[in-house]
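Here are my notes on the model you passed along. Have a look at it first, then go through the points below.

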Amino acid sequence: MMIVPFYAAILGLMYVALSIRTLRVRRRLQIAIGDAGNPEMMRAMRVHSNFSEYVPLSLLLLFFAEYTGAHGAFVHVMGLCLLVGRGVHAFGVSQVREDYRLRVFGMSMTFAVLTATSLYLVYAYLIRSVA
C-alpha cells in the first residue's frame with residue numbers, strides 16, 4: 001500500500017482550508033487583488049503562498065523516495081514532519097503578534113523533509129549505479 005497519497009490528501013485538504021481562509025479575508029476586507037497594503041491580507045496570502053511553494057516539491061521527493069524503496073517508517077516520519085511543519089508554520093505566520101519560533105520550527109521541519117528525502121534519493125541512486 002502506498003503511503004504518500006495519504007499525506008498528499010491531508011495536505012490537499014489543508015491547502016483548501018488555507019485557500020478558503022484567504023478568500024474570506026479578501027471578502028471581509030474587500031480586497032479583490034493583491035494585499036492593498038493590509039497586513040492581515042498580506043499574512044493570509046503569504047501563508048497560502050508559502051504552503052504552495054514548499055508542499056508540491058516535498059511531496060514529489062517523498063513519493064520518489066517511497067517509489068524507490070524507502071522504508072515505510074521513513075516515509076511516515078517524513079510525511080508527519082511535513083504535515084506538522086506546514087501546520088505550525090501556517091498557524092504561526094497567521095498571527096498578528098507572531099511568535100517567530102513557530103515559523104522557524106515549521107520551516108525547519110519542512111527543510112528536514114526536503115533535505116532527508118533528497119539525500120535518500122541521491123544515496124539510492126548512487127547505490128544502484130555502483131551495483
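1. Start with Glu-40, which makes a salt bridge to Arg-28, with 2.2 Å between the closest N and O atoms. A salt bridge here is a side-chain nitrogen of Lys or Arg within 4 Å of a carboxyl oxygen of Asp or Glu. The partners are 12 residues apart and link distant parts of the chain, Glu-40 sitting in helix H2 (residues 39–67) and Arg-28 in helix H1 (residues 4–29). Helices are DSSP runs (H or I, at least four residues), numbered from the N terminus. Glu-40 is partly exposed at 31% relative accessibility; buried means under 20% relative accessible area, exposed over 50%, and partly exposed in between (1.4 Å probe, protein chains only).

2. A word on ground rules: this is a predicted model, where local features need pLDDT of at least 70 and side-chain atom pairs count only at pLDDT 80 or more, while totals for chains, interfaces and linings use all residues. Residues are numbered from 1 along each chain as its sequence is written, and side-chain values use heavy atoms, with hydrogens and water left out.

3. The structure has five salt bridges, and another one joins the side chains of Arg-43 and Glu-98 at 2.8 Å, N to O. Arg-43 is in helix H2 and Glu-98 in the loop between helix H3 (72–94) and H4, so this pair ties together parts 55 residues apart in sequence. Arg-43 is buried at 19% relative accessible area, and Glu-98 is buried at 11%. Arg-103 joins Arg-43 and Glu-98 in a network of salt bridges.

4. Glu-53 pairs with Arg-46 in a salt bridge, the closest N and O atoms being 3.3 Å apart. Glu-53 is partly exposed at 43%, and Arg-46 is partly exposed at 37%.

5. How do H3 and H4 pack? Their axes are 7 Å apart, at an angle of about 150° (axes are lines fitted to C-alpha atoms over the stretch in contact, with angles from 0 to 180 degrees between N-to-C directions). That makes H3 roughly antiparallel to H4, the label for angles over 145 degrees. Contact residues include Leu-82, Gly-85 and Arg-86 of H3 and Thr-110 of H4, where contact means heavy atoms within 4.5 Å.

6. Look at Thr-110 too: it lies in helix H4 (residues 100–130) and is buried, with a relative accessible area of 0%. Leaving aside neighbours within four places in sequence, Thr-110 is in contact with Tyr-54, Ser-58, Leu-82, Gly-85 and Arg-86.

Conventions: Helices (H or I, at least four residues) and strands (E, at least two) are DSSP runs, numbered from the N terminus. Angles under 35 degrees count as roughly parallel, over 145 as roughly antiparallel, 65 to 115 as roughly perpendicular and the rest as oblique.
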